[in-house]
Amino acid sequence: MVALLVGLTTLCGLLLLLAHAWSAPIIQQKQEAALRSALVRVLPQAKTFATWTEQGGQLVPPLATGKDLRLFEGLDNQGQRVGWVIEAQGAGYQEPIRLLFGLDVQGQQLNGFEVLDSKETPGLGDRIEKDPSFLANFKALDLSQPIRLVKPGHKTKPSQIEGITGATVSSQAVAHIIQRALASRLPLVKQ
Amino acid sequence: MKEPTAQESFRQGLWTKNPVLVQLLGMCPVLAVSNSVANALAMGLATSFVLVASALMVSWIRHWVPPSVRIAVFILIIATFVSLAEMLIQAVSLEVHKALGPFISLIVVNCIILGQAESFASKHPPLPSVIDAFSRGSGFTLAILAMGAIRELLGKGSLLGYNVLGEHFLPWVVFLLPGGGFFVLGFLLMLYHRYQREAR
Amino acid sequence: MNEGLAAIFLGSFLVNNFVLAYFLGICPFLGVSGRMDTAVRMGLAVSLVMLVASMSAYGINQLLQALDLEVLRLISFVLVIATAVQLVELFVKKTSRPLFDALGIFLPLITTNCAILGVALFQTSRDYDFLQSLAFAAGAGAGFTLALLLMAGLREELKWSNPPDLTQGTALTLMVGGILSMAFMGFAGLGG
């Protein structure tokens, strides 16, 4: 009886490992393609991207297995830096939100934004991904002053993010994630 | 034991003994991933795949499994097929995988599958077991698709992402929220009972 | 992720109640919510197993990550939970006879309760550390018990009212569950 259970478990385990060996490269390829197209949407000027992560205030190449949040340096055909894409993550309404945002070379302006991963409430919170007036906030967001979230219709300065009615928690979460990421990433970008 | 005919199996699985509407099994995914037709369809297909594959497996080994450990063996087989299904979904479409999230893994504890293994597949030869599993899977898919269609149509005004009700339709967002799931399923159950009663 | 323990507890207890927002543990929610006293016992049994399962799942996940065998996560979780339920059952039987008599028949059913596996899967996908996982499991158990108690209380009252006969039974329970779920959304302001 025990032998049967152990044998069956081993068999199932082996089967899964085999399936994993087959599917892992396909999945990884798809993930990379998806990331790449998201990067291009956030920073269209760049032709290639160099991937970095942060360690002790320095930019270092990421470890292969690392789960650290990454910084992508956008380069044009001549290898000139044209901007940065920052990966950031934080708590959403229920599940974590993971997003990308693009910066110009000096880190003065935020000019691209894309949600990579979120499970915000369909119809309400998920408008952070596609609501045109919310996304318009991130076409040219001034970073020379601290960014702030304001109520819909109250945006007066280019450093303010206008929230979405009915998605207060989710728009707050996005603003908060960007604020936190900027605090740690801007000094690196400006170096 | 007498084997039911294929036609009988289908009629029971799809309608008279529908696993969701009559047996009230597998309610978690029916409520949780039915906020759009695409998600509902993916969930229905994935569950049916696991259901059929585990039924075949359980039926094959039914003579070698001692009764005292049968539940453990069934769960192990089901968990293996769910893991396979998850890899398959991820390899085919990252989007679908993202939308269903942890609910793919939770197919393991969908009572329809364990119930089918225990009450049918472990007592019948492979072919009838697979037919029975397939009809129950279709019944589940039918129910979750009905939920998905109603919720997406009223909550977003679209079906499968295509706008159906036009620009001027004001979506009833409540149908996409968890509460809406409960309401729609309750409503479907009432409709079903009403139909059954009139048929009688 | 660096959320406070209190925020995680409140989150899984009220804001994202396992039953009313994630639809986990619906079967006992519909099946065992007819009477107050059974609801209390079911809630206790589930909370107890959730804590044990959460700890074991955390351990097993660390092990699998160290060995780079994350493909086997699901089948390991399922086996670990089944074993944990058995152990809890034995332990309760040995230490407290009255508690065993009270929880007895519910414990085996819990093996296939999706709320338990849900706790294990969610804590993993959110990268919670050990204490965060415990807070999460405690909140989820408390939330499950709360939802079950509310529903049982409402259903005991409903016995005295006279709803149209088409809506009687599960359909009515689902409708009431929908209203409860809407009410719980109001807690979103608490923690976010």
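The contact between chains C and B takes 32 residues from chain C and 31 residues from chain B. The model described here is predicted. On chain C, the elements giving two or more residues to the side that touches chain B are helix 2 (26-31), helix 4 (73-95), helix 7 (114-125) and helix 9 (170-185). Helix 9 of chain C gives the most, with nine residues. By class, this side of chain C has 23 nonpolar and nine polar residues. Charged residues are absent from the side of chain C that touches chain B.

Chain A holds an open sheet of seven strands. Their order is 2-1-3-4-5-6-7, and the pairing is antiparallel. Strand 2 (58-60) and strand 7 (141-142) of chain A are the edge strands, each pairing on one side only. Within the sheet, strand 1 (residues 48-55) and strand 3 (residues 70-75) of chain A pair in the antiparallel sense over six bridges. Thr48(A) stands opposite Leu75(A) in strand 3 of chain A.

Two helices of chain A pack on this sheet. Helix 1 (residues 2-42) of chain A touches strand 1, strand 3, strand 4 (81-91), strand 5 (96-103) and strand 6 (109-117). The direction of helix 1 makes about 155 degrees with that of strand 6 of chain A. Helix 4 (residues 168-190) of chain A touches strand 1, strand 2, strand 3, strand 4 and strand 5. The direction of helix 4 of chain A makes about 135 degrees with that of strand 4 of chain A.

Helix 1 of chain A also packs against helix 4 (residues 70-92) of chain B. Their axes lie 9 Å apart, at an angle of about 5 degrees. The two helices are therefore roughly parallel, as the angle is under 35 degrees. From helix 1 of chain A, the residues in contact include Leu5(A), Leu8(A), Cys12(A), Leu15(A) and Ile27(A). Among those they meet in helix 4 of chain B are Val73(B), Leu76(B), Leu84(B) and Met87(B). The residues of this helix contact divide into 14 nonpolar and six polar, with no charged.

Leu24(B) lies in the loop between helix 1 (6-16) and helix 2 (27-32) of chain B. Leu24(B) counts as buried because 21 C-beta neighbours lie inside 10 Å. Leu160(B) is in the loop between strand 1 (158-159) and strand 2 (162-163) of chain B. Leu160(B) has 12 C-beta neighbours inside 10 Å and so counts as exposed.

Methods
Residues numbered from 1 in each chain as written. Chains lettered and ligands numbered in written order. Predicted model: local features only at pLDDT ≥ 70, side-chain atom pairs only at ≥ 80, totals over all residues. Contact = placed C-beta atoms within 7 Å. Helix = DSSP H or I, 4+ residues; strand = E, 2+ residues; numbered from the N terminus. Nonpolar A, V, L, I, M, F, W, Y, C, P; charged D, E, K, R; others polar. Pairing = 2+ DSSP bridges. Axes fitted to C-alpha atoms, helices over the stretch in contact; angles between N-to-C directions. Parallel < 35°, antiparallel > 145°, perpendicular 65-115°, else oblique. Buried ≥ 20, exposed ≤ 12 C-beta atoms within 10 Å, placed from the backbone.
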